[in-house]
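This briefing goes through one protein chain for a reader who works with computed coordinates. The points after the lead sentences are grouped by topic.

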Amino acid sequence: MNFIELLNDQQKRELEQQWEVLSYGVSSIIPEQEFKQKIAKSIKNQQPLKVKLGLDPTAPDVHLGHTVVLNKLKQFQNFGHTIQLIIGDFTGKIGDPTGKTATRTALTDEEVKHNARTYFEQFGKVMDMEKVELHYNSKWLSQVDFSEVLKLASTVTVARMLERNDFHNRYEANKPIYLHEFFYPVMQGYDSYALSSDVELGGTDQEFNVLFGRQIQEHYGQEKQVVLLMPLIEGLDGVEKMSKSKNNYIGVEESPRDIFGKTMSIPDEQILKYFQLVSPLTIDEVNEVKQQMEKGALHPRDAKMMLASALVAMLHGKKAAEESKADFENVFQKNQIPEDMPEVVWDGNQTVAIVDLVKELGLLPSKSEARRMIKNGGIRVNQEKVPDPATILEVKDGLVLQVGKRKFIRLRLSSS
RNA sequence: GGAGGGAUAGCGAAGUUGGCCAAACGCGGCGGACUGUAAAUCCGCUCCCAUCGGGUUCGUAGGUUCGAGUCCUACUCCCUCCA
């Protein structure tokens, strides 16, 4: 049935609107026409789409790379669609077949719960968690019996499984692939069936997995979900994809100052991509930025300032955005010290070798490191460079200690 | 089960006629200068303590030696080939 034809003019405009926003920035929509039909159907029947996102139950550390998907979910939410978050507590027991982590220690129920809560808190910075459905896939997966598993397994050939990049590579390299790993995509697909998902989101690296849902749903005679693959965003280096292990990420939990500073360090070529994929700006606003930059009317640095402010505002609020911006200008453009900085009470000896002080405060891991730092001119006391590693300091209340470019501490004496 | 190869600082990787090895080089990390940024570029640093200098390091445990990352023995782990 063609739902698009059933729509009246107003509904068609609604469809166009949703399509423009929802398809924006997406790497691929599989298949496009089905997606359009789904939206049309949802408008016609006034039935929100069920949009699924599967989550790994391991300790979450949400960074901007994830928010690419979250922003998209938010857009779905804005159109009234329903978000289904799935905590893969059952799947997690198998371990994601990335090759690296073939064996993964099973998480306890408490750990899973805790991690789920963390997801909730961190995701809440980007989208509205009130309206989100939360599911644990052990609920249904633990109920599936072996004969059912066999039936499912009989719908997939090994050759098809081996198409998956990771499996393919390991097979070629004579690296082990355990049988149970084949079930990872199957189970993930089963989740889609269990929740009758209409749409599933994932990064482009998840293509094989999320596509599997369609196959499982078809097996059960269910309408197949549409898959939206989101681009992976490059990290601070502008080359590798953003990830925790590459240490090139901006975490949503980081301080406003760090988020601002890190954003300022992305290469110019990445600016637009960040605007498009992780900023909360509308399409029109992003296009405006793009035009201004192309005309040369907007300095890349200023564009980045805007971006950094927008990101901090999204994650920490408007006030924090203004403050971190002011701090950044102070510290890096005017070479001043920030407005406010962490204060630490010093209850040690008032007369102390600078190397000891710095180490005691945990600013540097060892005294050798401190000496080195001083030799390189990297330590300042009240904005004055410390010239000699042997310097003995008279600690005074309010003394400002700077280590490197961006570690600042104000010392307070315990007596005051 | 049999044969061989290897384990070096955060990673990768030199070093095997025993001393000149705290250990080349690359990456990463850090600092400085510079700049529009924490970008790019250039320079410096990168085990610990220390003023000279010293102390612990090269899979683990022993041994040979004035002296071992470099030689010997045992152990652990990893890889390759054969069955």
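**Briefing on chain A**

Gln-402 belongs to strand 12, which covers residues 400-403. The structure is a predicted model, and chain A is divided into domain 1 (3-230), domain 2 (256-333) and domain 3 (343-413).

- Once residues up to four places away in sequence are set aside, Gln-402 touches Gly-378, Ile-379, Arg-380, Lys-407 and Phe-408.
- The side chain of Gln-402 also reaches the backbone oxygen of Lys-405, at a distance of 3.3 Å.
- Between Gln-402 and Met-230 there are 41 Å in space, taken from C-alpha to C-alpha, and the two are 172 residues apart in sequence.

**The interface of domain 1 and domain 2**

- The C-alpha centres of domain 1 and domain 2 are 31 Å apart, and the contact draws on eleven residues from domain 1 and eleven residues from domain 2.
- About 1000 Å² of area is buried between domain 1 and domain 2, and carbon and sulfur atoms give 67% of that area.
- Of the area that domain 1 buries against domain 2, 58% is supplied by Tyr-24, Leu-64 and Lys-125, which is more than any other three residues supply.
- On the side of domain 1 that touches domain 2, the elements that give two or more residues are helix 2 (9-23) and helix 4 (64-78), and helix 4 gives the most, with four residues.
- Sorted by class, that side of domain 1 holds six nonpolar, three polar and two charged residues.

**Ser-279 between two helices**

- Where in the chain is Ser-279 found? Ser-279 is in the loop between helix 13 (271-277) and helix 14 (283-295).
- Is Ser-279 buried or exposed? Ser-279 has a relative accessible area of 4%, and it is therefore classed as buried, a class that takes values under 20%.
- The side chain of Ser-279 reaches the backbone oxygen of Phe-275 at 2.5 Å.
- Apart from neighbours within four places in sequence, the residues in contact with Ser-279 are Asn-71, Tyr-274, Val-286, Leu-307 and Leu-311.

**Salt bridges**

- By the rule applied here, the count of salt bridges comes to 23.
- Lys-151 and Glu-148 form one of these salt bridges, in which the closest N and O atoms are 3.7 Å apart. Lys-151 and Glu-148 are separated by about one helical turn, because they are three residues apart in helix 7 (residues 146-153). Lys-151 itself counts as partly exposed, at 47% relative accessibility.
- Glu-234 and Lys-273 form a salt bridge with the closest N and O atoms at 2.9 Å. This pair links distant parts of the chain, since Glu-234 is in the loop between strand 6 (226-230) and helix 12 (256-264) while Lys-273 is in helix 13, 39 residues apart.
- The partners in that pair fall on either side of the 20% cut-off: Glu-234 is buried, with a relative accessible area of 18%, and Lys-273 is partly exposed, with a relative accessible area of 22%.
- Glu-323 and Lys-319 form a salt bridge as well, with 3.2 Å between the closest N and O atoms. Both residues lie in helix 16 (residues 318-333), where they are four residues apart, about one turn of the helix.
- Glu-323 is partly exposed, with a relative accessible area of 41%, whereas Lys-319, at 61% relative accessibility, counts as exposed.
- Lys-38, Lys-41, Asp-198 and Glu-223 are joined into one network by salt bridges that share partners.

Definitions and conventions
Residues are numbered from 1 along each chain as its sequence is written. Chains are lettered from A and ligands numbered from 1 in the order in which they are written. This is a predicted model: local features need pLDDT of at least 70, side-chain atom pairs count only at pLDDT 80 or more; totals for chains, interfaces and linings use all residues. Side-chain values use heavy atoms; hydrogens and water are left out. Domain bounds come from an automatic or database domain assignment. Contact means heavy atoms within 4.5 Å. Buried area is the accessible area (1.4 Å probe) that two parts lose on being put together, summed over both. Ala, Val, Leu, Ile, Met, Phe, Trp, Tyr, Cys and Pro count as nonpolar, Asp, Glu, Lys and Arg as charged, and the others, Gly among them, as polar. Buried means under 20% relative accessible area, exposed over 50%, partly exposed in between (1.4 Å probe, protein chains only). A polar contact is a pair of N or O atoms within 3.5 Å; within protein, one must be able to donate a hydrogen and the other to accept it, and residues adjacent in sequence count only if both atoms are side-chain atoms. A salt bridge is a side-chain nitrogen of Lys or Arg within 4 Å of a carboxyl oxygen of Asp or Glu.
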